[in-house]
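Subject: Handover of a structure, with notes

Dear colleague,

Please find below the structure that I am handing over to you. My notes on it follow directly after.

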Amino acid sequence: MSAVDQQPLPARTQVGIVGAGPAGLLLGRMLELQGIETVVIEARTQEYVQKRVRAGLLEQGTVDLMIETGVGERLKREALPQRGLEFRFAGQRHRIPVTELTGGKRVNVYGQQEVVKDLVQARRESGAPLLFEAPVVEVAAIDTDAPVIRYRQGDEVRELRCDVVAGCDGFHGVARHAVPAGVMTERGCEYPYGWLGILADAPPSNDEIIYAWHERGMALHSMRSPEVSRLYIQCAPDEDLANWTDEQIWDELEARLSIDDDWTLNRGPIREKGVTGMRSFVLEPMQYGRLYLAGDAAHIVPPTGAKGLNLAAADVRTLAAALTTWFAGGDETLLDAYSATCLERIWRAQHNATWLTKLLHRSPDASDMDARLQLAELEYVCTSPAGRTMIAENYVGLDPVSWL
């Protein structure tokens, strides 16, 4: 359905949510269950957001949140539980028994696009307002008690007045640009490498995710289903895909992932491939006036740590708890603390993802000394009880805050 065929949204709501990715849709679902009115507005088409391949690893807290909010039935049936992970380097494999080291916690492989499908379906079934193909052109009056979202529907610009605006529209979104200059501090960097990623119709070659250090660069073996593999090799951030045939990609993956045993890499037709640059980014604070930012609108971590979607879920869990308390009785304590509460977790995840990224990737100007230091550190953290526990604890994520 195109934007011009959709009915206009209400002129007013309690919480206007910009962006229908996992952060915006999860927040809408949680607030809806608490009886709080929300409207979700998304610039892209429904088909686009439901096919957008992004993260695929859900921490225990994110899985629990999906189940708590009534959108976890398909996840429970189809997700691939990961009770450990494997590091490969110097011809050796080292398994980290994550569940054993974290008191029973685990992560689950379940694609971001599947999370979005489940949330969209739940919102459609409830009848809560959700509008696609409606680019937000401005978020205004956020320093008042009646902020405004202006969005385009067809050829007309409409207004949605709110008590609160949640900016869940990503790094390139409109929401964060509504904050006056000088209020927020941006910290970040871009890394001198990227990932060439493929989605292939090939059964996973391992039951658990593999991180591999190789002299030519990192490789990662993951999966999306028992029939579909997701794999990556380190490349230049501006790598030209035209320089890579499918056979060359498979050969390079096999070279970087293989070790001296009988393990083989399953190959199959490549259905999608692309190059992704890597950056770290944190915006502080994550709130101003009646605008609250969540997910990639406020922070980005390197994909090595698989924390992006999980941090977004943690943000909106915190925000939902704060808004529920505020709408119930006017107590602003949790709302005032929203940014500080989220940033403690964000910086912890940022540190872990950056550490893992630098440990596994070869910089363009890396020396033999740098390589030997990486291998020495990998050997230590993969064999030391303390190192293995540190990896496992960061892998499953911090305990979530309560939102009910």
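Predicted model: local features only at pLDDT ≥ 70, side-chain atom pairs only at ≥ 80, totals over all residues.

The charged end of arginine 176 is placed over the ring of phenylalanine 171, at 4.7 Å from the centre of that ring.

Aromatic pairs

How many aromatic pairs does a search of the whole structure find? The search finds 6. Two of them are described here.

Tryptophan 195 and tyrosine 232 are both buried.

In another pair, the rings of tyrosine 292 and tyrosine 338 have centres 5.9 Å apart and planes at 80°. Why does this pair count as edge-to-face? The planes are at 80°, and pairs with planes over 60 degrees apart are given that name. Tyrosine 292 is in strand S18 (residues 291-293), while tyrosine 338 is in helix H10 (residues 338-360), so the pair ties together parts that lie 46 residues apart in sequence. Tyrosine 292 and tyrosine 338 are both buried.

Helices H11 and H12

Helix H11 (residues 368-383) packs with helix H12 (residues 385-396) at an angle of about 85°, and their axes are 4 Å apart. H11 is therefore roughly perpendicular to H12. On the H11 side, Val381, Cys382 and Thr383 take part in the contact, and they meet Pro385, Gly387, Arg388, Met390 and Ile391 of H12. Sorted by class, this contact of H11 with H12 has 5 nonpolar, 2 polar and 1 charged residues.

Methionine 390, in helix H12, deserves a separate word. Is methionine 390 buried or partly exposed? Its relative accessibility is 28%, so methionine 390 counts as partly exposed. If neighbours within four places in sequence are left aside, methionine 390 is in contact with Asn352, Trp355 and Val381. Glutamate 133 is 257 residues away from methionine 390 along the chain, and the C-alpha atoms of the two are separated by 43 Å.

Helix H3

Which residues of helix H3 (residues 60-68) are buried? Gly61, Thr62, Val63, Leu65 and Met66 are buried. The cover over the buried residues of H3 includes helix H1 (22-33), strand S3 (57-58), helix H4 (73-78), strand S7 (107-109), helix H6 (112-126) and helix H8 (308-329). Just after H3 comes glycine 70, which takes a positive phi of about 80°.

Backbone details in the loops

Alanine 141 has a phi of about 55° and is placed in the loop between strand S9 (136-140) and strand S10 (148-153). With 30% relative accessibility, alanine 141 counts as partly exposed. Alanine 306 also has a positive phi of about 55°, and its loop runs between strand S19 (299-300) and H8. Alanine 306 counts as partly exposed too, at 22% relative accessibility.

Which peptide bond is cis, with omega near -10°? That bond runs from glutamate 284 to proline 285. Proline 285 lies in the loop between strand S16 (270-284) and strand S17 (287-288).

Glutamate 247 lies in helix H7 (residues 246-257). This residue is exposed, with a relative accessible area of 55%. Between glutamate 247 and arginine 267 there are 9.4 Å in space, C-alpha to C-alpha, and the two are 20 residues apart in sequence.

Aspartate 238 is found in the loop between S15 and H7. At 67% relative accessibility, aspartate 238 counts as exposed. Aspartate 238 is 37 residues from valine 275 in sequence, while their C-alpha atoms are 7.6 Å apart in space.

Yours sincerely,

A colleague

Definitions and conventions. Residues numbered from 1 in each chain as written. Heavy atoms only, no water. Axes fitted to C-alpha atoms, helices over the stretch in contact; angles between N-to-C directions. Helix = DSSP H or I, 4+ residues; strand = E, 2+ residues; numbered from the N terminus. Parallel < 35°, antiparallel > 145°, perpendicular 65-115°, else oblique. Contact = heavy atoms within 4.5 Å. Nonpolar A, V, L, I, M, F, W, Y, C, P; charged D, E, K, R; others polar. Phe/Tyr/Trp six-rings, centres within 6.5 Å; stacked < 30°, edge-to-face > 60°. Buried < 20%, exposed > 50% of the residue type's maximum accessible area, 1.4 Å probe, protein only. Lys NZ or Arg CZ within 6 Å of the ring centre and 35° of its normal.
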